[in-house]
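Visitor: I would like to go through this model with you, one question at a time. Please give the cut-offs behind each term as it comes up.

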Amino acid sequence: MNARTRTARIRTARIRTALAAALILGITAGSPAPAALAAPDTARHAPGAGATGAPDARALRAALAGLPDADSTAALVRVGGTDGAWRGSAGVHDLASGAPADPHARFRAGSVTKVFTAAVVLQLAAEHRVDLARTVRSYLPDLVPAAYGRVTVRQLLNHTSGIPAADLPGTTPEERYAHRFDVHDPREMAASALAEEPEFAPGEQQHYLNINYTLLGLLTEKVTGRSYADEVGRRVLRPLGLRDTYFPGADPRISGPHNHGYQAFDLPGGGTELRDVTVWNATESWAAGDLISSTADLERFVQALFRGRVVPRPQLAEMFTLPAGSVRQYGSGDPAAYSAGLSVITLGGRQVWGKTGSRWGYTTAIGATRDLSRTLVYSVNATDAKGDGMNPRALSLMVAAFGEPSA
């Protein structure tokens with residue numbers, strides 16, 4: 001290995017480690033895919049945007065080149081903000097037809113759902129209907145046992161509750177695939193988690209788990225008397241005109257235009273095969289990850305959120321506040337990385353706040369600087385969206401949009 005190759009590999013490893021730690025993209029390589037077929041990208045700059053601050057169109061085009069490949073079958077990207085805007089799409093609508101990916105497609109947004117959930121809870125806090133310092137048990141006394149009686153609403157929001165994961169069937173992709181049409185009840189999932197011993201005392205560590213936001217969804221329903229989906233629709237989706245964003249409930253399909261998602265599965269004799277996993281029930285994620293949306297809708301949402309149009313600014317501060325410096329991540333000992341709905345990383349010398357998410361066949365991210373000089377939304381049809389590590393295409397898009405992480 002020559003010095004240049006070694007340096008390049010060290011740089012790539014450093015980028016992957018830094019981004020994965022802060023953003024949890026969860027994608028690895030899949031099986032071989034057909035030759036690349038990329039749709040043309042489009043680019044534009046906002047009036048008055050300076051050339052030095054504008055998105056790097058060349059880097060963004062390079063990040064989309066060569067799709068589909070072993071890791072991803074399609075990608076949709078929107079870069080925006082006061083510095084300028086860029087739009088791009090590449091890959092295929094589906095592997096059977098080889099038709100170009102639909103740039104306006106809907107997709108599963110995964111844990112980006114948590115930002116919507118957090119926004120609704122913080123709205124309720126602004127209305128004095130929820131007290132973030134109050135215990136969750138005081139709102140859900142018939143569900144939360146005494147063992148978790150000290151856990152507060154704020155600790156659910158920033159994943160410092162100590163509540164373990166819900167008991168769900170299957171651990172491998174094959175086992176999960178066999179259960180892809182199962183319908184899960186959120187109260188039953190919460191009860192299964194709350195029946196276990198705490199992982200740690202509330203507030204002492206941070207463990208990013210869906211169960212925290214499952215409980216926030218149940219709390220929202222208890223406080224408002226409406227379903228979680230109806231409350232998010234009433235408070236966020238309809239006011240912002242997010243017409244491509246909805247909650248599928250028990251319907252395993254994606255309604256409206258969408259590109260197909262695929263997952264790589266190991267074959268008994270060796271090698272892998274790609275299976276279409278577009279149709280998959282998402283009730284196990286519910287308020288933590290079942291949202292379906294589009295890049296245009298998510299861009300509109302993140303811009304409105306950061307401007308204080310979704311959550312009043314006193315409560316919005318919760319989204320940009322990490323737990324106290326002594327709080328470490330459970331298992332790794334790394335510093336706490338999650339606030340109420342968001343996480344943060346420094347890229348290109350700037351703090352970027354956002355959220356990633358993955359469902360089978362799809363990985364998504366929203367990210368922005370606090371001043372909205374740069375925003376990013378992408379959806380990548382990853383072939384191992386629930387695997388360990390980080391999807392190379394998603395990595396390239398993040399770095400192309402914001403720059404490399406600080407050393």
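Visitor: Is Arg 129 buried, partly exposed or exposed?

Guide: This is a predicted model, in which local features need pLDDT of at least 70, side-chain atom pairs count only at pLDDT 80 or more, and totals for chains, interfaces and linings use all residues. Residues are numbered from 1 along each chain as its sequence is written, and side-chain values use heavy atoms, with hydrogens and water left out. Buried means under 20% relative accessible area and exposed over 50%, with partly exposed in between (1.4 Å probe, protein chains only). Arg 129 has a relative accessible area of 32%, so the class is partly exposed.

Visitor: Which residues are linked with Glu 127 and Arg 129 in a network of salt bridges?

Guide: Helices (H or I, at least four residues) and strands (E, at least two) are DSSP runs, numbered from the N terminus. Arg 235 is buried because its relative accessible area is 10%, and Glu 231, at 0%, also counts as buried. The residues linked with Glu 127 and Arg 129 are Arg 226, Glu 231, Arg 234 and Arg 235.

Visitor: How many aromatic pairs does the structure hold?

Guide: Rings of Phe, Tyr and Trp (its six-membered ring) pair if their centres lie within 6.5 Å, and planes under 30 degrees apart count as stacked, over 60 as edge-to-face and the rest as tilted. On that definition, the number of aromatic pairs in the structure is 10.

Visitor: Why is the pair of Tyr 177 and Trp 280 classed as it is?

Guide: The ring centres of Tyr 177 and Trp 280 are 6.0 Å apart and the planes stand at 65 degrees, so the pair falls in the edge-to-face class. The pair links distant parts of the chain, with Tyr 177 in helix H6 (residues 173–178) and Trp 280 in the loop between strand E7 (272–276) and strand E8 (292–293), 103 residues apart. Tyr 177 is buried at 18% relative accessibility, as is Trp 280 at 3%. The value that decides the class is the angle between the planes, 65 degrees.

Visitor: Which residue has its charged end over the ring of Tyr 177?

Guide: A charge sits over a ring if NZ of Lys or CZ of Arg is within 6 Å of the ring centre and within 35 degrees of the ring normal. Tyr 177 also belongs to one aromatic cluster with Phe 265, Trp 280 and Trp 360. The charged end over its ring, 3.8 Å from the centre, is that of Arg 180.

Visitor: Which residue in E11 is the bridge partner of Val 344?

Guide: Two strands pair if DSSP finds at least two bridges between them, and E10 (residues 343–347) pairs with E11 (residues 350–359) in the antiparallel sense over 5 bridges. Strand E10 is mostly covered, with 4 of its 5 residues buried. The partner of Val 344 in E11 is Trp 353.

Notes
Salt bridge = Lys/Arg side-chain N within 4 Å of Asp/Glu carboxyl O.
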